[in-house]
Amino acid sequence: MSASQPEGAEGAVSAASSRLAAYADELVAIRRDLHMHPELGREEFRTTALIHDRLAAAGLTPRLLPGTGVVCDIPASPGAADGRGLIAFRGDIDALPVEDAKDVPYRSTVPGRAHACGHDVHTTVTLGTGLVLADLSRDGMLARPVRLIFQPAEEKLPGGALDVIKAGGLEGVEEIHAVHCDPRVEVGRVALRVGAITSACDRLIITLGGPGGHTARPHQSTDLVTALAKMAGELPSALARRIDPRSGVSIVWGRINAGAAPNVIPQRGELDGTLRCLDIEAWRQAPDLIQELVDTIASTYGAKWELEHHRGVPPVVNDADAVAAARTVATGFLGAASVEVTEQSLGGEDFSWFLEDVPGQLTRLGVRPVGEAPYDLHQGRFDVDEQAIGVGVRLFVGLALRPHR
């Protein structure tokens with residue numbers, strides 16, 4: 001924390017630092033336990049139980065969300081409350097359907113499942129924040145009530161944030177903060193951005209159909225594989241020419257499937273991929289344009305078509321005041337040179353749904369070990385320097401303790 005905090009906050013800051021040091025080893029153990037037992041979105045039953053039980057053991061009253069996930073309020077200290085409403089901190093708890101490729105003692109024990117996006121760290125940071133602030137609340141040092149949100153299914157479009165909102169998780173919340181692991185940023189550093197920090201992200205599934213036939217006579221059938229290839233290449237290019245190029249529209253395919261034999265024209269083929277967009281207005285324009293373009297391309301080859309456009313998430317748009325608060329807190333305990341500005345990412349994040357209702361911000365948390373080349377998110381070899389846990393807890397605790405302006 002920072003000795004530069006106002007005098008009225010110095011006692012709480014000092015106590016928070018001491019409490020965090022006492023919990024440091026436990027938090028690393030919790031992160032490793034979560035890493036070894038990853039669970040996919042809306043299946044995070046073990047993770048939910050671990051979070052609930054540890055918060056209850058800390059004397060708090062966590063509430064289970066419908067299905068999976070936890071919400072837990074920490075009251076302001078009696079006599080110390082300054083009248084502000086809840087400040088919330090979000091930790092997402094789900095893992096990915098990725099094989100863990102690391103040779104470490106805490107490697108995933110679940111085949112085909114891994115915390116390859118750092119949600120185990122986000123969860124541990126939020127839990128550690130709760131343990132520290134619960135102590136401060138009991139000791140008369142917490143001037144503002146806090147809500148911890150352990151959110152399921154961030155990786156499942158349109159995201160478990162909507163589940164939390166539907167269950168009343170934002171009621172009474174005045175501001176909300178989150179961190180996201182960033183392997184491009186060295187541990188001990190954070191990266192901030194005012195305005196949009198992520199992109200919108202949707203899923204597109206395009207199915208083409210035709211009568212099928214012999215590859216010797218494509219003129220008597222619908223040359224479906226060629227039509228599928230043209231759709232894969234032409235749709236992204238055509239859409240980019242119909243929307244302002246500054247919007248950063250990007251369609252990338254992750255799966256193409258058609259046919260089973262070299263001399264048979266199939267009756268059906270699929271494209272499956274994502275639409276990403278930096279600008280929210282362009283995101284709103286995209287569905288009608290995509291439908292028009294799919295029809296045009298498919299008609300050129302005589303193919304029937306179906307389009308499933310699954311709306312995902314809008315961009316995460318960080319509030320300027322919330323970013324300024326995060327910068328002040330992070331500069332205090334890391335130093336100004338360790339707080340950098342990050343670019344807008346084409347990645348999607350359902351934290352955006354919270355920011356549609358409540359001002360707040362998402363911080364990029366540095367997790368790359370000093371001097372090492374990073375493995376990117378969503379890869380089986382992704383890992384973090386666990387010193388980042390303490391950095392995240394300090395940021396959240398500092399935001400909760402900052403004095404009323």
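Student: Why is D350 called buried in this predicted model?

Tutor: Set the value against the cut-off: buried means under 20% relative accessible area. D350 has 1% relative accessibility, so D350 counts as buried.

Student: What makes the contact between R90 and D350 a salt bridge?

Tutor: Distance and atom type. A salt bridge needs a side-chain nitrogen of Lys or Arg within 4 Å of a carboxyl oxygen of Asp or Glu. For R90 and D350 the closest N and O atoms are 3.4 Å apart, and the pair is listed as a salt bridge. In general, side chains of opposite charge can pair when their charged atoms come close.

Student: Is R90 buried or exposed?

Tutor: Buried. R90 has a relative accessible area of 0%, and the cut-off for buried is under 20%.

Student: Why say that R90 and D350 tie parts of the chain together?

Tutor: Look at where they sit. R90 belongs to strand 3 (residues 86-92), while D350 is in the loop between strand 15 (339-341) and helix 8 (351-357), so the pair ties together parts 260 residues apart in sequence.

Student: What makes E174 and R144 a salt bridge?

Tutor: Their closest N and O atoms are 3.6 Å apart, and the limit is 4 Å. This pair links distant parts of the chain as well: E174 is in strand 5 and R144 in the loop between helix 3 (119-138) and strand 4 (146-151), 30 residues apart.

Student: Why is E174 called partly exposed?

Tutor: Partly exposed is what lies between buried, under 20%, and exposed, over 50%. E174 comes out at 42% relative accessibility, so E174 counts as partly exposed.

Student: Where is P158, and what kind of peptide bond joins L157 and P158?

Tutor: P158 is in the loop between strand 4 and helix 4 (161-166). The bond joining L157 and P158 is cis, with omega about 0°.

Student: What about phi of H378?

Tutor: That one is positive too, near 70°, in a residue other than glycine. H378 sits in the loop between strand 16 (360-368) and helix 9 (387-401). Its relative accessible area is 41%, so H378 is partly exposed.

Student: Which residues are closest to the centre of the largest pocket, and what is the volume of that pocket?

Tutor: The volume is about 870 Å³. Of the 30 lining residues, E155, C201, R276, G348 and H378 are the closest to the centre.

Student: Which strand gives the largest share of the lining?

Tutor: Strand 5, with five residues. Strand 5 (173-186), strand 8 (200-209), strand 12 (268-277) and strand 13 (304-313) each supply at least two. By type, the lining divides into nine nonpolar, nine polar and twelve charged residues.

Student: How do you know that T198 is buried?

Tutor: T198 has a relative accessible area of 2%, to be compared with the cut-off of under 20%. T198 is found in the loop between strand 7 (195-196) and strand 8.

Student: Which residues are in contact with T198, leaving aside neighbours within four places in sequence?

Tutor: Among them are P315, V316, Q344 and L362. For V316 there is a distance too: its backbone nitrogen lies 2.9 Å from a polar atom of the T198 side chain.

Notes. Residues are numbered from 1 along each chain as its sequence is written. This is a predicted model: local features need pLDDT of at least 70, side-chain atom pairs count only at pLDDT 80 or more; totals for chains, interfaces and linings use all residues. Side-chain values use heavy atoms; hydrogens and water are left out. On a 1 Å grid over the protein atoms alone, a cavity is a set of points where a 1.4 Å probe fits but cannot get out, and a pocket is an open set with protein on both sides within 12 Å along at least five of seven lines; lining residues have an atom within 4 Å of a point. Grid points are joined across faces, edges and corners, and a volume is the space filled by probe spheres set on the points. Helices (H or I, at least four residues) and strands (E, at least two) are DSSP runs, numbered from the N terminus. Ala, Val, Leu, Ile, Met, Phe, Trp, Tyr, Cys and Pro count as nonpolar, Asp, Glu, Lys and Arg as charged, and the others, Gly among them, as polar. Buried means under 20% relative accessible area, exposed over 50%, partly exposed in between (1.4 Å probe, protein chains only). Contact means heavy atoms within 4.5 Å. A polar contact is a pair of N or O atoms within 3.5 Å; within protein, one must be able to donate a hydrogen and the other to accept it, and residues adjacent in sequence count only if both atoms are side-chain atoms.
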